[in-house]
Amino acid sequence: MKFLLIYVPNLRFNGYTENWQKYRTIELGQMQRGKSKHRPRDDEKLYGGAYPFIQTGDIKKANLYIKEYERTYSNYGLSQSKLWSKGTLCITIAANIAETAILGLNACFPDSVIGWISNEKITNNIFIKYYFDFYKTQLKRLSVGGAQENLNLDKLENVYFHIPTLPEQNDITNLLTKIDELIETQIKIINDLSFTKEMHYLLTIEISSR
(Lines give C-alpha, C1' and ligand atoms only; values in the text may rest on other atoms or scores of the structure.)
Protein backbone atom coordinates (compact mmCIF):
# COMPACT_ATOMS: atom_id res chain seq x y z
CA MET A 1 0.00 0.00 0.00
CA LYS A 2 1.33 3.41 -0.95
CA PHE A 3 0.85 6.32 1.42
CA LEU A 4 0.88 9.77 -0.16
CA LEU A 5 1.40 13.02 1.72
CA ILE A 6 0.37 15.99 -0.39
CA TYR A 7 0.75 19.48 0.86
CA VAL A 8 1.36 22.52 -1.30
CA PRO A 9 0.51 25.55 0.82
CA ASN A 10 -1.45 28.51 -0.49
CA LEU A 11 0.76 30.83 1.55
CA ARG A 12 4.36 30.78 0.29
CA PHE A 13 7.45 32.96 0.34
CA ASN A 14 7.55 35.52 -2.45
CA GLY A 15 9.04 34.36 -5.73
CA TYR A 16 8.19 30.66 -5.51
CA THR A 17 5.64 29.32 -7.99
CA GLU A 18 7.01 25.86 -8.90
CA ASN A 19 4.91 22.83 -8.07
CA TRP A 20 6.18 20.69 -5.22
CA GLN A 21 7.63 17.47 -6.63
CA LYS A 22 6.69 13.96 -5.54
CA TYR A 23 9.43 11.70 -4.13
CA ARG A 24 9.46 8.33 -2.50
CA THR A 25 11.14 8.48 0.90
CA ILE A 26 14.03 6.26 -0.19
CA GLU A 27 14.81 8.81 -2.92
CA LEU A 28 15.06 11.56 -0.31
CA GLY A 29 17.49 9.89 2.05
CA GLN A 30 18.94 6.80 3.67
CA MET A 31 17.08 5.16 6.53
CA GLN A 32 18.48 2.58 8.91
CA ARG A 33 17.31 1.25 12.24
CA GLY A 34 19.48 1.75 15.28
CA LYS A 35 21.28 -1.21 16.82
CA SER A 36 21.01 -2.79 20.26
CA LYS A 37 21.83 -6.46 19.68
CA HIS A 38 22.63 -7.58 23.23
CA ARG A 39 20.02 -9.35 25.34
CA PRO A 40 18.91 -8.69 27.98
CA ARG A 41 18.81 -4.98 27.23
CA ASP A 42 19.02 -4.05 30.89
CA ASP A 43 22.41 -5.76 31.33
CA GLU A 44 24.43 -3.26 33.39
CA LYS A 45 27.66 -3.94 31.52
CA LEU A 46 26.15 -2.13 28.52
CA TYR A 47 25.98 1.18 30.36
CA GLY A 48 27.92 3.81 32.23
CA GLY A 49 30.55 4.76 29.67
CA ALA A 50 31.32 7.78 27.51
CA TYR A 51 28.92 7.19 24.60
CA PRO A 52 25.49 8.89 24.69
CA PHE A 53 22.64 6.39 24.34
CA ILE A 54 19.52 8.09 22.97
CA GLN A 55 16.14 6.52 23.71
CA THR A 56 12.65 7.29 22.38
CA GLY A 57 11.85 9.36 25.48
CA ASP A 58 14.91 11.56 24.89
CA ILE A 59 13.70 12.24 21.35
CA LYS A 60 10.18 13.07 22.52
CA LYS A 61 11.52 15.56 25.09
CA ALA A 62 13.83 17.32 22.63
CA ASN A 63 12.67 20.33 20.66
CA LEU A 64 14.83 20.49 17.52
CA TYR A 65 18.20 19.07 18.62
CA ILE A 66 18.89 16.24 21.07
CA LYS A 67 21.32 17.60 23.63
CA GLU A 68 20.26 15.77 26.78
CA TYR A 69 20.05 12.04 27.53
CA GLU A 70 19.59 9.78 30.53
CA ARG A 71 21.96 6.91 29.77
CA THR A 72 25.35 6.25 28.22
CA TYR A 73 26.88 3.16 26.67
CA SER A 74 30.13 1.60 27.82
CA ASN A 75 32.73 0.33 25.35
CA TYR A 76 30.90 -3.00 25.46
CA GLY A 77 27.61 -1.26 24.77
CA LEU A 78 29.12 0.52 21.78
CA SER A 79 30.50 -2.77 20.41
CA GLN A 80 26.98 -4.17 19.95
CA SER A 81 25.50 -0.91 18.67
CA LYS A 82 26.44 1.88 16.23
CA LEU A 83 27.67 5.42 16.82
CA TRP A 84 25.66 7.84 14.67
CA SER A 85 27.02 11.21 13.62
CA LYS A 86 25.86 14.56 14.92
CA GLY A 87 23.18 15.92 12.58
CA THR A 88 21.43 12.58 12.01
CA LEU A 89 17.63 12.82 12.09
CA CYS A 90 16.11 10.41 14.61
CA ILE A 91 12.59 9.06 14.02
CA THR A 92 10.91 6.89 16.65
CA ILE A 93 9.06 3.81 15.38
CA ALA A 94 7.98 2.21 18.68
CA ALA A 95 6.75 3.41 22.08
CA ASN A 96 6.62 7.15 21.26
CA ILE A 97 5.80 6.76 17.56
CA ALA A 98 6.72 9.34 14.88
CA GLU A 99 8.60 11.65 17.24
CA THR A 100 11.58 13.36 15.64
CA ALA A 101 14.69 15.28 16.65
CA ILE A 102 18.19 15.80 15.28
CA LEU A 103 21.30 14.55 17.06
CA GLY A 104 23.19 17.44 18.60
CA LEU A 105 26.12 15.09 19.29
CA ASN A 106 27.48 11.72 18.22
CA ALA A 107 25.34 9.03 19.83
CA CYS A 108 23.97 5.50 19.76
CA PHE A 109 20.29 4.56 19.72
CA PRO A 110 18.30 1.30 19.72
CA ASP A 111 16.29 -0.36 16.96
CA SER A 112 13.14 1.45 18.11
CA VAL A 113 14.64 4.51 16.38
CA ILE A 114 15.40 5.08 12.70
CA GLY A 115 18.36 7.18 11.64
CA TRP A 116 17.71 9.34 8.58
CA ILE A 117 20.45 10.94 6.47
CA SER A 118 19.09 13.14 3.67
CA ASN A 119 20.13 13.18 0.03
CA GLU A 120 21.56 16.70 0.13
CA LYS A 121 20.96 17.21 -3.60
CA ILE A 122 17.20 17.14 -2.91
CA THR A 123 16.56 17.98 0.73
CA ASN A 124 18.02 18.31 4.23
CA ASN A 125 17.43 16.73 7.62
CA ILE A 126 15.87 19.82 9.18
CA PHE A 127 13.21 20.14 6.47
CA ILE A 128 12.41 16.42 6.67
CA LYS A 129 12.13 16.70 10.46
CA TYR A 130 9.52 19.45 10.13
CA TYR A 131 7.75 17.50 7.37
CA PHE A 132 7.45 14.45 9.62
CA ASP A 133 6.21 16.65 12.45
CA PHE A 134 3.52 18.21 10.26
CA TYR A 135 2.22 14.78 9.24
CA LYS A 136 2.72 13.06 12.61
CA THR A 137 -0.94 12.07 12.98
CA GLN A 138 -1.10 10.51 9.52
CA LEU A 139 2.17 8.68 10.04
CA LYS A 140 0.97 7.26 13.35
CA ARG A 141 -1.93 5.66 11.48
CA LEU A 142 0.61 3.56 9.57
CA SER A 143 1.64 1.95 12.86
CA VAL A 144 -1.82 0.46 13.47
CA GLY A 145 -2.49 -3.14 12.53
CA GLY A 146 -0.10 -5.44 14.37
CA ALA A 147 -0.08 -6.95 17.84
CA GLN A 148 2.15 -4.06 18.85
CA GLU A 149 2.00 -0.67 17.17
CA ASN A 150 5.17 0.20 15.29
CA LEU A 151 6.25 2.24 12.30
CA ASN A 152 8.74 0.10 10.43
CA LEU A 153 11.06 0.69 7.49
CA ASP A 154 8.81 -1.13 5.01
CA LYS A 155 5.93 1.17 5.86
CA LEU A 156 8.06 4.30 5.65
CA GLU A 157 9.46 3.27 2.27
CA ASN A 158 5.91 3.35 0.88
CA VAL A 159 5.41 6.97 1.88
CA TYR A 160 5.57 9.63 -0.82
CA PHE A 161 6.38 13.25 -0.02
CA HIS A 162 5.69 16.36 -2.07
CA ILE A 163 8.52 18.80 -1.41
CA PRO A 164 9.64 22.16 -2.86
CA THR A 165 12.96 23.14 -4.37
CA LEU A 166 15.99 23.44 -2.09
CA PRO A 167 15.90 27.27 -1.98
CA GLU A 168 12.26 27.22 -0.84
CA GLN A 169 13.05 24.47 1.67
CA ASN A 170 15.86 26.60 3.07
CA ASP A 171 13.56 29.60 3.52
CA ILE A 172 10.98 27.42 5.28
CA THR A 173 13.52 25.77 7.58
CA ASN A 174 15.21 29.08 8.42
CA LEU A 175 11.89 30.49 9.59
CA LEU A 176 10.87 27.40 11.56
CA THR A 177 14.33 27.07 13.11
CA LYS A 178 14.20 30.66 14.35
CA ILE A 179 10.82 29.93 15.95
CA ASP A 180 12.25 26.81 17.64
CA GLU A 181 15.24 28.79 18.89
CA LEU A 182 12.88 31.37 20.42
CA ILE A 183 10.93 28.57 22.10
CA GLU A 184 14.11 27.06 23.55
CA THR A 185 15.21 30.48 24.81
CA GLN A 186 11.87 31.06 26.53
CA ILE A 187 11.96 27.60 28.11
CA LYS A 188 15.46 28.30 29.47
CA ILE A 189 14.32 31.65 30.87
CA ILE A 190 11.34 30.01 32.57
CA ASN A 191 13.51 27.22 34.01
CA ASP A 192 16.10 29.74 35.28
CA LEU A 193 13.39 31.86 36.90
CA SER A 194 11.85 28.77 38.51
CA PHE A 195 15.25 27.78 39.91
CA THR A 196 15.89 31.31 41.21
CA LYS A 197 12.45 31.40 42.84
CA GLU A 198 13.03 28.02 44.49
CA MET A 199 16.45 29.05 45.81
CA HIS A 200 15.03 32.33 47.14
CA TYR A 201 12.30 30.39 48.95
CA LEU A 202 14.80 27.96 50.50
CA LEU A 203 17.07 30.81 51.64
CA THR A 204 14.09 32.60 53.18
CA ILE A 205 13.16 29.48 55.14
CA GLU A 206 16.78 29.01 56.29
CA ILE A 207 17.10 32.64 57.47
CA SER A 208 13.76 32.62 59.26
CA SER A 209 14.67 29.41 61.11
CA ARG A 210 17.80 30.93 62.65
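Glu99 and Lys60 form a salt bridge (a side-chain nitrogen of Lys or Arg within 4 Å of a carboxyl oxygen of Asp or Glu), with their closest N and O atoms 3.4 Å apart. Distant parts of the chain are linked by this pair, since Glu99 sits in the loop between β7 (89-92) and β8 while Lys60 belongs to helix α2 (residues 56-61), 39 residues away. Through salt bridges with shared partners, Lys60, Glu99 and Lys136 are joined into one network. Helices (H or I, at least four residues) and strands (E, at least two) are DSSP runs numbered from the N terminus.

The model is predicted, so local features need pLDDT of at least 70 and side-chain atom pairs count only at pLDDT 80 or more, whereas totals for chains, interfaces and linings use all residues. Residues are numbered from 1 along each chain as its sequence is written, and side-chain values use heavy atoms, with hydrogens and water left out.

The structure holds seven salt bridges, including the one between Arg41 and Asp111 (3.0 Å, N to O). Arg41 lies in the loop between β3 (29-33) and β4 (47-53) and Asp111 in the loop between β8 (100-103) and β9 (113-118), so this pair ties together parts 70 residues apart in sequence.

The table gives relative accessible areas, where buried means under 20%, exposed over 50% and partly exposed in between (1.4 Å probe, protein chains only).

| Residue | Relative accessible area | Class |
|---|---|---|
| Glu99 | 10% | buried |
| Lys60 | 46% | partly exposed |
| Arg41 | 35% | partly exposed |
| Asp111 | 19% | buried |
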